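Please keep the sequence and the structure in view while reading.

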Amino acid sequence: MKLGLDIMGGDYAPKTTVGGAVEAFKVLPKEVKLVLFGDEGQILSLLKEHGVSADNFEIVHTTEVIEMAESPLKAVSQKPNSSIGVGFRYLKEKKIDAFASNGNTGAMMVGALYSVKAIDGVSRPCLITQVPMENGKTGILLDVGSNADCRPEMLCQFALLGQVYTKYICNTPDPKVGLLNIGEEEEKGNIVAQATHQLLKNHDGINFIGNVEARDLFDGNADVIVCEGFVGNVVLKEAEAFYKLIKRRKIEDPYFDRFNYELHGGSPILGVNSNVLVGHGISNEIATKNLILLAKNMVETGVTEKIQKAFSGNKWQ
């Protein structure tokens with residue numbers, strides 16, 4: 001197994017990305033090889049600081065960097081020798097089994113669509129975030145930012161993507177799917193929400209339990225919570241703000257500790273034909289390490305191949 005990491009992506013790269021790669025190397029089995037994409041000189045210097053031999057990694061030298069604020073489409077097309085561009089080239093050619101970055105999220109989405117492309121039947125790939133449940137389980141919320149406006153059939157595709165992912169990555173045998181709405185009743189919400197409810201209700205392959213209100217996100221009744229990217233991103237940022245508030249007030253609680261983004265590593269882009277993951281731009285060494293471990297888990301479980309199979313009979317194609 002080969003896992004690719006963009007060393008130049010992130011607010012504190014390459015220091016934190018190399019550090020995260022070193023921490024991941026310490027716990028990964030020997031048959032897993034980390035492939036580092038970035039400036040070779042900087043990588044070698046940082047590995048030396050960590051006292052780790054470069055022979056433990058495969059280093060692919062790149063000469064360009066896609067910055068966080070750059071236009072994704074323009075950057076991907078005009079910087080083919082960037083760490084993101086070369087990483088996706090390796091992924092497309094199956095030289096690596098997964099590719100992860102803490103860098104420009106839009107560039108990662110564009111790169112994925114241009115290289116490995118969307119799975120047949122998926123209109124728009126999406127981003128997810130993990131949701132710690134009070135009962136100890138872990139659910140997911142999707143989309144959390146890549147698709148601000150969605151048609152009903154797209155939201156139904158998110159439901160299927162999330163259901164497969166949760167089954168194999170969160171180890172939930174029969175995930176329950178809820179639609180985030182302003183009320184539990186079937187007729188609640190705008191036209192998109194009402195139409196989505198009917199599609200989900202009538203889909204035999206989705207374990208749909210109905211609408212879920214925002215106040216019920218963490219009670220564990222729904223394992224997969226579906227919403228548009230605009231709404232999902234607002235929910236995600238509010239949860240991050242709440243976690244920071246708790247830390248500032250020095251409140252210690254094992255449940256709230258699970259909201260720490262470092263523990264989750266990052267988010268996969270679901271709906272593309274390979275394993276692509278995006279970490280938080282502020283990711284430190286711990287978060288980067290966990291991003292790599294999540295990539296390993298996705299490869300081992302074959303979740304992308306299972307999603308492809310689930311969409312082979314998708315009636316929204």
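Predicted model: local features only at pLDDT ≥ 70, side-chain atom pairs only at ≥ 80, totals over all residues.

Q: With which residues is L34 in contact, leaving aside its neighbours within four places in sequence?
A: A contact requires heavy atoms within 4.5 Å. With sequence neighbours within four places set aside, the partners of L34 are L3, A21, A24, F25, L28, F57, E58 and I292.

Q: Is S115 buried or exposed?
A: S115 is part of helix 5. Its relative accessible area is 11%, and the cut-off for a buried residue is under 20%. S115 is therefore buried.

Q: Which residue has a backbone oxygen 2.6 Å from a polar atom of the side chain of S115?
A: Not counting residues up to four places away in sequence, S115 touches F88 and K92. The backbone oxygen lying 2.6 Å from a polar atom of the S115 side chain belongs to G111.

Q: Which residue is joined to P14 by a cis peptide bond?
A: P14 lies in the loop between strand 1 (2-6) and helix 1 (15-27). Most peptide bonds are trans. The bond here is cis, with omega about 5°, and the residue that it joins to P14 is A13.

Q: What is omega of the cis peptide bond that joins L142 and D143?
A: D143 is placed in the loop between strand 6 (138-142) and helix 6 (152-169). The peptide bond between L142 and D143 is cis, and its omega is about 0°.

Q: Is K94 buried or exposed?
A: K94 is found in the loop between helix 4 (83-92) and strand 4 (98-101), and its phi is positive, near 60°. Its relative accessible area is 69%, and the cut-off for exposed is over 50%. K94 is therefore exposed.

Q: What is the phi of K117?
A: K117 lies in the loop between helix 5 (105-115) and strand 5 (126-132) and is partly exposed, at 45% relative accessibility. Most residues other than glycine have a negative phi. The phi of K117 is positive, near 70°.

Technical notes: Residues numbered from 1 in each chain as written. Heavy atoms only, no water. Helix = DSSP H or I, 4+ residues; strand = E, 2+ residues; numbered from the N terminus. Buried < 20%, exposed > 50% of the residue type's maximum accessible area, 1.4 Å probe, protein only. Polar contact = N/O pair within 3.5 Å; in protein donor to acceptor, adjacent residues only side chain to side chain.
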